[in-house]
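Here is a short briefing on one protein model.

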Amino acid sequence: MSDGAEILRLQTISKIFDGYVMLILVGIGTVGNLLNIFVFIRLKMLRQMPTPVFMITSNIGSLILFWSSRFPRCILNITGIDLLVGSIFYCKVRWLLGRWSLNMPFTCICLASIDRFFNTSRNVRYHHFFTLKRAYSIVIIFSLVYLIIFIPDAIYYSGYSCTASAKDRATYKDFVAYFNLIATNILSMIILGIFSLLTWYNLCYGTSVGRNRLQQQVNRMMMVEFAMAFVTTLPNFIYNIYAQATQSTVKSQLRLTQESLWSTVSATINFTIHAGTFYMYMVVSPAYRRNVRRAMWVQKQNHVIPQKVQLQNLRFF
């Protein structure tokens with residue numbers, strides 16, 4: 001097979017992943033994230049814990065990521081139509097909120113791993129290290145920091161063609177590349193790995209237990225999510241390190257196409273964490289499945305059953 005034919009084949013595979021496969025993830029992820037948000041907000045006992053604050057923010061970030069960044073790219077790969085062209089507002093939203101939503105969900109997962117570590121500590125004083133007020137404050141601070149960092153891209157990309165001058169953006173492009181590599185990938189992976197292992201140690205060997213069943217089920221759900229986040233992020237993490245290490249290397253067109261396919265497939269794997277948390281919770285936690293049914297039932301019966309009866313019937317675990 002000639003290089004030209006191989007390049008064309010690899011580009012076709014890349015478009016399938018970046019178009020159809022990602023569009024399926026967008027649809028599945030939108031439904032799952034909305035259901036997660038509904039359940040976390042609907043059930044009072046979950047609303048009173050700091051971990052759901054981080055998870056709700058992560059779900060919101062994933063939704064914004066899907067519709068500000070991935071959906072227009074899917075449409076471009078499938079139909080050749082660029083939704084960003086002709087809409088200055090959508091262009092600005094894509095480059096500001098798209099960047100924000102790429103970082104915020106994983107940051108919140110890391111924060112949840114830290115919260116679970118403190119919550120499972122044998123030292124009871126650490127159990128309330130993250131209060132609701134503190135959790136909200138941390139989320140707001142990180143959100144503002146990310147928005148400030150990524151404002152330049154919303155300025156550089158402008159006009160009805162939604163393009164940016166490569167010369168004007170050269171320095172900032174290098175900054176974003178290193179920021180994504182160091183903060184988004186290396187630092188986040190280290191934090192998630194360390195606190196997940198420490199939480200696992202506390203659960204297996206610590207004497208932290210006297211916790212209620214709600215906390216135990218949340219710990220179980222979070223540990224599975226931490227493992228899923230780590231595994232699905234690893235291929236993209238390796239690719240980003242490789243891309244930075246070989247950026248000065250002269251590459252053939254075939255090698256560039258192969259690397260592009262690697263990048264697309266690893267990004268698709270990475271996006272399963274944004275799309276699959278609800279379904280993962282449903283698989284690993286029978287209690288969460290019951291809570292989903294109860295949340296739906298309470299919604300339907302809200303105007304029929306007196307509140308006192310609702311509270312008596314709403315056993316969480």
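Cys91 is buried, with a relative accessible area of 1%. Buried means under 20% relative accessible area, exposed means over 50%, and partly exposed lies in between (1.4 Å probe, protein chains only). This is a predicted model: local features need pLDDT of at least 70, side-chain atom pairs count only at pLDDT 80 or more, and totals for chains, interfaces and linings use all residues. Residues are numbered from 1 along each chain as its sequence is written, and side-chain values use heavy atoms, with hydrogens and water left out.

**Disulfide**

- The structure holds 1 disulfide, a term for a pair of cysteine sulfur atoms within 2.5 Å.
- Cys91 is joined to Cys162, with an S to S distance of 2.0 Å.
- The link of Cys91 and Cys162 is right-handed, with 85° about the S-S bond.
- Cys91 sits in helix H4 (residues 88-119) and Cys162 in the loop between helix H5 (132-156) and helix H6 (166-205), so the pair ties together parts that are 71 residues apart in sequence.
- Helices (H or I, at least four residues) and strands (E, at least two) are DSSP runs, numbered from the N terminus.
- Cys162 is buried as well, with a relative accessible area of 8%.
- Cys162 has a positive phi of about 50°, although it is not a glycine.
- Most residues other than glycine have a negative phi.

**Other cysteines**

- Cys74 is buried, at a relative accessible area of 0%.
- Cys204 is partly exposed, at a relative accessible area of 44%.

**Helices H1 and H9**

- The axes of helix H1 (residues 3-42) and helix H9 (residues 272-284) come within 8 Å and cross at roughly 50°.
- Axes are lines fitted to C-alpha atoms, for helices over the stretch in contact, and angles run from 0 to 180 degrees between N-to-C directions.
- H1 and H9 are therefore oblique to each other.
- Angles under 35 degrees count as roughly parallel, over 145 as roughly antiparallel, 65 to 115 as roughly perpendicular, and the rest as oblique.
- The crossing of H1 past H9 is left-handed, meaning that the near helix is turned anticlockwise from the far one by less than a right angle.
- The contact (heavy atoms within 4.5 Å) involves residues of H1 including Leu25, Ile28, Gly29 and Phe40, and residues of H9 including Thr272, His274, Phe278 and Tyr281.
- By class, the contact of H1 with H9 has 9 nonpolar, 7 polar and no charged residues.
- Ala, Val, Leu, Ile, Met, Phe, Trp, Tyr, Cys and Pro count as nonpolar, Asp, Glu, Lys and Arg as charged, and the others, Gly among them, as polar.

**Ser87**

- Ser87 lies in the loop between helix H3 (50-79) and H4.
- Ser87 is partly exposed, with a relative accessible area of 23%.
- Ser87 and Tyr160 are 73 residues apart along the chain, and their C-alpha atoms are separated by 6.0 Å.

**Asn236**

- Asn236 is found in helix H7 (residues 213-245).
- Asn236 is buried, with a relative accessible area of 15%.
- Leaving aside neighbours within four places in sequence, Asn236 is in contact with Ser266, Ala267 and Asn270.
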